[in-house]
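Reader: Could you walk me through this structure slowly? I am new to this and would like to start with whatever I need to know first.
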Amino acid sequence: MEKEIENFFLRILCLHGFRGSGEILKKLIFRWPESVTGKLDLVFLDAPFPAQGKSPLEGFFDPPYFEWFQSNKDFTEFYNFDECLEYIEDFMLKNGPFDGVLGFSQGAVLGAAIPGMQRDGVALTKVPKIKFVILISGAKFGGPTYGIPKLATNAFSSPINSPSLHFLGEADFQRKDGEILLECFVDPQVVHHSKGHTIPKLDDSNVEIMLGFIEKNSTTFKQGTSLSTV
């Protein structure tokens with residue numbers, strides 16, 4: 001049985017940040033040790049909409065750049081949010097099933113709301129419910145920074161039971177949002193790092209946290225759930 005389990009990996013849909021891309025997120029995630037990434041089947045998706053302005057990543061990473069949805073400057077009105085979810089659902093139907101979602105920045109804001117929207121039956125209803133989320137520099141719809149898109153109105157109305165791993169950076173301008181997001185989950189685990197709004201490299205202690213989270217969720221295979229095979 002142990003050898004059989006080794007042939008299975010958690011399949012994770014990875015959602016990049018605002019005006020980033022799947023390729024950029026892939027480059028940053030694969031700075032993590034192979035002891036972590038080698039246990040995961042990571043799928044990187046470009047957001048559906050080309051960037052509608054200058055990307056903060058220009059000069060650091062090559063274009064093209066994309067965004068998941070749009071909003072006004074105050075983040076109180078949202079545009080193309082429904083279309084974004086339909087796009088993700090279509091991709092998951094064609095390329096799934098997926099066990100979990102990993103998101104960074106805008107991708108983490110979106111990913112954090114998915115379990116609640118699936119629970120309420122308002123989005124991603126054609127695909128299996130995701131089992132866990134990994135949120136890097138995330139935030140809550142309805143928190144200090146962001147308003148609430150209509151489909152996410154009740155996403156955090158009750159505690160989220162899905163296992164969650166949250167990355168909180170000491171210098172992240174969105175740290176307070178991330179701390180408030182923690183309170184929305186029943187049993188959140190946290191990776192603390194000293195950096196800002198970025199995907200940090202993992203030190204030894206954070207590698208152990210990551211491996212523990214992966215192992216804990218991989219055991220769902222023993223209950224008969226379907227994980228990705230090599």
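Author: Let me begin with a term: the bend at a residue is the angle between two axes, one fitted to the seven residues ending there and the other to the seven starting there. Please keep in mind that this is a predicted model.

Reader: Okay, so where in α5 does a kink lie?
Author: The kink in α5 lies at Ile-114, shortly before the proline Pro-115, and it amounts to about 35 degrees.

Reader: Is α5 largely enclosed or open?
Author: It is largely enclosed by the rest of the structure, because 13 of its 15 residues are buried.

Reader: Which residues of the largest nonpolar core touch the most other members?
Author: That core has 40 residues, and those touching the most other members include Leu-110, Met-117, Trp-68 and Phe-141. At least two core residues come from each of β1, β2, α4, α5 and β8, and α5 gives the most, with 7 residues. Another core, of 27 residues, lies apart from it and has Trp-32 and Leu-202 among its members.

Reader: Changing topic, what does UniProt list for residues 10–205?
Author: An unreviewed UniProt entry lists them as "domain: Serine hydrolase". Over that stretch, the chain is 27% helix and 21% strand, and the end C-alpha atoms are 21 Å apart.

Methods: Residues numbered from 1 in each chain as written. Predicted model: local features only at pLDDT ≥ 70, side-chain atom pairs only at ≥ 80, totals over all residues. Heavy atoms only, no water. Helix = DSSP H or I, 4+ residues; strand = E, 2+ residues; numbered from the N terminus. Buried < 20%, exposed > 50% of the residue type's maximum accessible area, 1.4 Å probe, protein only. Core = buried A, V, L, I, M, F, W, Y, C linked by side-chain atoms within 4.5 Å. UniProt positions renumbered as here; feature names shortened; annotations may be inferred.
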